[in-house]
Amino acid sequence: MKNTSDKLILDRIVAAGRHRGINRRSFMGHATAAGLTATGASALWTSKVAAATPTQGGTFRVAIHDANTSDVMDPGQYLSVFMIQLAHASRSYLTLIKPDGTAGPDMADSWSASPDAKVWTFELNKNASFHNGKKFTSTDAIASIKHHLGEESTSAAKSLLANVVDVRADGDHTMIIELDSGLADLPYILTDYHIAVVPAAADGTADWKDGTGAGPYKIVDFKPGVSANLVRHEGWHREGAYFDAVELLAINDPNARQTALVSGDVDAVSSVDLKTLSLLQKRPGIEILNLPSGSAVTLPMHVTTAPFDNNDVRMALKLAIDREELIEKIVFGTATAGNDFHISPNMPYYPDDIPQRTYDPDKAKWHLKQAGQEGLTLDVSAADSIMPGAVDFVTLYAEQAKAAGITLKPIREPNDGYWADVWLKKPFIFSKWGARPTPDTMFTLAYKTGASWSEAFWSNERFDEVLLQAKAELDDVKRAEMYREMSLIARDDGGSIIPMFTNYVYAHSDKIGNPDVVGSTWEMDGARAYERWWFKG
């Protein structure tokens, strides 16, 4: 190319080709006029346009980790990675997180808020329909929201919508949500994977039992902990859904998952075995996605249970972990260090001026002495279905903690049922969180007093007070200051060790096409590969 201007012209030509604004003949003419030879123009068409132009057809087979026989279709009870993937393949949401991390339309075309962010109006898609042919209206949207409200609700999203005081219709395709206080992040909160849109039953409740949704694919067969088979929903209301069918296979073992990809038995896997990542990268026909994310490893300590009710014990355990060594040896560099508060560097309002906590076994000993807990011995539970290498992670942590006089006993738990039988049940465990789009969503879900998923059962009055203020604050500078204060409180008093934010590392066959920008809120393009990806022609 001659100069930057020529490159910009070519970029526009490529973009036009990808969006089918011009055909191959026009593309060749424009590209050669911009300075390319005929051979160069042809190569550019093949590599940048034809390969990136979606084509319809085929069955997309994906091996997914973290599946359980206890998985259920109730969106309020979704727990595992498998169900998060199935939910986004089969059900829609009022809003969605776009690949660039901003909120975009799904079942709601647009929304607006009152100046105090207490009253939100959502204009709903008039063309959307459910898999059973039922047209989507505000009645369905209201039932889907109310499923997570009230004292009787068992939904994990209950705390996210605790400020909702009224949900009402203004015609068939307008819904109004009223809150008792301002909530600037409501469009982001409604992307939470529990708040799926399902049909309303005759009595106005959410009808979720048979798995009907309005997503890009319709469930034909679902065997919890085994598989799910889906076919394209011809009434899909958005772009995409290029595959004719989708097959999700539950494969918790990382080696078996990877073998299935290499052998061609599946087209993509949700998580690769990091121990052999370098070898997989060299393998022809395989493409790796390695995306920094807000997905956190946490080690929650039940602060309602001794000895974790003593903050000196919690501080000792936070100081007895060598984060950099764990990143290097367990996830082979595919993570960034955490600082014991749940905001990652690629999330809004990340407080980058808070000093990074480092490995300090001598200071950990001092805290143990203050607590009267010298020679502390603890069990730590983990399962490799949660993250490949999770058991190795706690084993290495146990070695590190010895220098502080702490004896940690790694407990390998069964892969099946970890979320039901270990998480929130046992007092010190390995946990893994998917990314959330904003700090408010994460703090409300897991760190606010009484939150549905408060995995450490931690409570701090000042944290709750500032969180409430931040929800309604529309000034970004003031809001950032509030999140910084909450981060410090969680770092120095909280019940969770947060040693790292892991990259999403997954893979697919080179026969699969995907957009230039891939989402990083969940594995598999923010769990939306099923509608965004395609087989190359």
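This is a predicted model: local features need pLDDT of at least 70, side-chain atom pairs count only at pLDDT 80 or more; totals for chains, interfaces and linings use all residues.
The largest cavity has a volume of about 380 Å³. Its lining is made up of 30 residues, and those closest to the centre are Val 81, Ser 295, Ile 386, Lys 432 and Glu 523. Three elements, helix α4 (81–90) and strands β16 (431–433) and β17 (496–509), each give two or more residues to this lining. The greatest contribution comes from β17, with 4 residues. By class, the lining of the largest cavity has 17 nonpolar, 9 polar and 4 charged residues.

The second largest cavity holds about 150 Å³ of space. Its lining consists of 15 residues, and His 88, Ile 97, Thr 191, Thr 521 and Trp 522 lie nearest the centre. Strand β2 (residues 95–97) gives the most to this lining, with 3 residues. The residues around the second largest cavity divide into 7 nonpolar, 5 polar and 3 charged.

Pockets, unlike cavities, are open sets of points. In the second largest pocket there is about 330 Å³ of space. This pocket is lined by 20 residues, of which Gly 101, Asn 346, Met 347, Pro 348 and Pro 437 are the closest to its centre. The lining of the second largest pocket comprises 8 nonpolar, 7 polar and 5 charged residues.

Aromatic side chains were examined next. The structure contains 24 aromatic pairs. One of them joins Phe 308 and Phe 428, with 5.4 Å from centre to centre and 55° between the planes, and this pair is tilted. The two residues are 120 residues apart, and their pair links distant parts of the chain. Phe 308 belongs to the loop between β12 (286–300) and α9 (311–319), whereas Phe 428 belongs to the loop between α13 (418–421) and β16. Both Phe 308 and Phe 428 are buried.

A second pair is formed by Trp 419 and Trp 423, whose ring centres are 5.4 Å apart. The planes of these two rings meet at 85°, and the pair is edge-to-face because this angle is over 60 degrees. Trp 419 has a relative accessible area of 8%, and the value for Trp 423 is 4%. Trp 419 therefore counts as buried, the cut-off being under 20%, and Trp 423 counts as buried by that cut-off too. Trp 419 and Trp 423 also belong to one aromatic cluster, together with Tyr 193, Tyr 418, Trp 433, Trp 453 and Trp 522. Trp 522 in this cluster is also among the residues nearest the centre of the second largest cavity. Elsewhere, a charged side chain is placed over an aromatic ring: Lys 209 lies over the face of Trp 208, at 4.9 Å from the ring centre.

In α14, 8 of the 8 residues are buried, so the helix is largely enclosed by the rest of the structure. These buried residues are Pro 439, Asp 440, Thr 441, Met 442, Phe 443, Thr 444, Leu 445 and Ala 446. They pack against α6 (186–189), β16, α15 (461–472) and α16 (476–493). Among these partners of α14 is β16, a strand that also gives residues to the lining of the largest cavity.

Methods. Residues are numbered from 1 along each chain as its sequence is written. Side-chain values use heavy atoms; hydrogens and water are left out. On a 1 Å grid over the protein atoms alone, a cavity is a set of points where a 1.4 Å probe fits but cannot get out, and a pocket is an open set with protein on both sides within 12 Å along at least five of seven lines; lining residues have an atom within 4 Å of a point. Grid points are joined across faces, edges and corners, and a volume is the space filled by probe spheres set on the points. Ala, Val, Leu, Ile, Met, Phe, Trp, Tyr, Cys and Pro count as nonpolar, Asp, Glu, Lys and Arg as charged, and the others, Gly among them, as polar. Rings of Phe, Tyr and Trp (its six-membered ring) pair if their centres lie within 6.5 Å; planes under 30 degrees apart count as stacked, over 60 as edge-to-face and the rest as tilted. Buried means under 20% relative accessible area, exposed over 50%, partly exposed in between (1.4 Å probe, protein chains only). A charge sits over a ring if NZ of Lys or CZ of Arg is within 6 Å of the ring centre and within 35 degrees of the ring normal. Contact means heavy atoms within 4.5 Å.
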